[in-house]
Amino acid sequence: MIERLVGFDTTSNLSNLEAIGFIRDYLAGLGVESRLTHDDSGRKANLFATLGPADRPGVLLSGHTDVVPVAGQEWASAPFTLAERDGRLFGRGTSDMKSFIGVCLAMAPDFLRRGLAEPIHFAFSYDEEVGCIGVRRLIADLDHLPVPPRLCIVGEPTEMKVIIGHKAKRSLRARVRGLEGHSALAHRGVNAVEAAAETVAKLKAIARRLRDDGPHDADFDPPYTTVHTGVIQGGTALNIVPGECHFEFEIRSLPGHDDDALLAELTDYVARRIEPEMKAVDARAGVSFDEVNVTAGLDMREDDEAVRFVQALAGANATGRVSFGTEAGLFQQAGIPTVVCGPGSIDQAHKPDEFVAVEQVARCEAFMARLMERVCRG
């Protein structure tokens, strides 16, 4: 099943419908109906399916079908053809996160054969890698259920450790408008690239302060809120004062940390220290900020019933927190207690020669077998 799923190129800029169609048809062959929610283009879809009685609370198993690009990466084997070497399964998505989905699907016949006293829900989304976009429509569509799930398990790669918290993520785009002119008369223009650079430098100063002064939470790595600029573009030629520049940045905040205050600090600095000089040359010049995406953080209590339940399935006493984001925070935000636990390591995700250890797949199978003992009659 993992081999079949890896074989679908579901890079986020492409359609995932072929993979979703395969999953839908596979489940239909087991007598399970699927419900699809599409994006506006109709080229992508989430899939939701229920095994067992839908009129009772159940366990929701969630995963995303999209993967990150392989362009520019050097792979030892074809990224969309599963390869097994030295106890590892190589291929794009093996760790993040088609192995979890593969185990769910491969064990579906066993869940059905044993008879379910409470339902198992499958929720497979699109466009997680570009902002947890698809799952928002899936969650909004859960109103069709007669009874909401009692808990959700998101199978992101955690090496089958029980993760009860992750940072929130806020992505923003800054647009800097200057005034073009000849570089020999730079004082008559407004240099958008330089204004952008000053703004990015302020972001870096905020990032250093958070690193050094906190707040800190040792459960996370790194143990502080991070600020990161990832893309900047501007200018046309060296002898032209650039009139336009834009850059994208993100804030990954600890639970309870007010990222609104950080953004207010940035915008206040721009208004007081950067824009006055720009507007003195051209009143139309300035810096604007657009929010691109917000993904909720996850913050579950250790003594929550859902956490204890997943700990029992994983055979684990400890819990952990991670810095990378998942769809789990959105499920929790929707009122569904959610825990992250899945095979593979995030260290292997997004890299060339991505892999999952066969041992990790076996541990996920054992996890599902324990889940069967909890929700099946036979």
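Modeller: Strand β13 supplies the largest share of the lining of the largest pocket, namely four residues. Strands (E, at least two residues) and helices (H or I, at least four residues) are DSSP runs, numbered from the N terminus. A pocket is found on a 1 Å grid over the protein atoms alone, as an open set of points where a 1.4 Å probe fits, with protein on both sides within 12 Å along at least five of seven lines; a lining residue has an atom within 4 Å of a point. The model is predicted, so local features need pLDDT of at least 70 and side-chain atom pairs count only at pLDDT 80 or more, while totals for chains, interfaces and linings use all residues. Residues are numbered from 1 along each chain as its sequence is written, and side-chain values use heavy atoms, with hydrogens and water left out.

The volume of the largest pocket is about 780 Å³. A volume is the space filled by probe spheres set on the grid points, which are joined across faces, edges and corners. In total, 34 residues line the largest pocket, and Glu 129, Lys 169, Glu 250, Arg 252 and His 350 lie nearest its centre. The elements that contribute two or more residues to this lining are β9, β11, β13 and β14. Sorted by class, the lining of the largest pocket holds twelve nonpolar, twelve polar and ten charged residues. Here Ala, Val, Leu, Ile, Met, Phe, Trp, Tyr, Cys and Pro count as nonpolar, Asp, Glu, Lys and Arg as charged, and the others, Gly among them, as polar.

These strands lead to a sheet. Strands of a sheet pair through backbone hydrogen bonds, either parallel or antiparallel. β11, β13, β9 and β14, in that order, form an open sheet of four strands with antiparallel pairing. At its edges stand β11 (226-234) and β14 (286-295), each with a single partner strand, so one side of each has no neighbour in the sheet. On average, neighbouring strands of this sheet are turned by 20 degrees against each other, direction ignored. Two strands pair if DSSP finds at least two bridges between them. For the antiparallel strands β9 (residues 168-177) and β13 (residues 244-253), ten bridges are found.

Contact means heavy atoms within 4.5 Å. Axes are lines fitted to C-alpha atoms, for helices over the stretch in contact, and angles run from 0 to 180 degrees between N-to-C directions.

Two packed helices are described by the angle between their axes and the distance between the axes. The crossing of α5 and α6 is right-handed; a crossing is right-handed if the near helix is turned clockwise from the far one by less than a right angle, and left-handed if anticlockwise. On the α5 side, the residues in contact include Ala 195, Leu 203, Ile 206 and Leu 210, and on the α6 side they include Leu 262, Leu 266, Val 270 and Met 278. By class, the contact of α5 with α6 has ten nonpolar, one polar and four charged residues.

Both helices also take part in the second largest pocket, to whose lining α5 and α6 each give at least two residues. This second largest pocket holds about 240 Å³ of space. Its lining consists of 13 residues, with Gly 189, Val 190, Asn 191, Glu 194 and Glu 277 nearest the centre. The greatest contribution to this lining, five residues, is from α6. By class, the lining of the second largest pocket divides into seven nonpolar, two polar and four charged residues.

One further detail belongs to this region. Most residues other than glycine have a negative phi, and most peptide bonds are trans. The peptide bond from Gly 214 to Pro 215, however, is cis, with omega near 15 degrees. Pro 215 is placed in the loop between α5 and β11.
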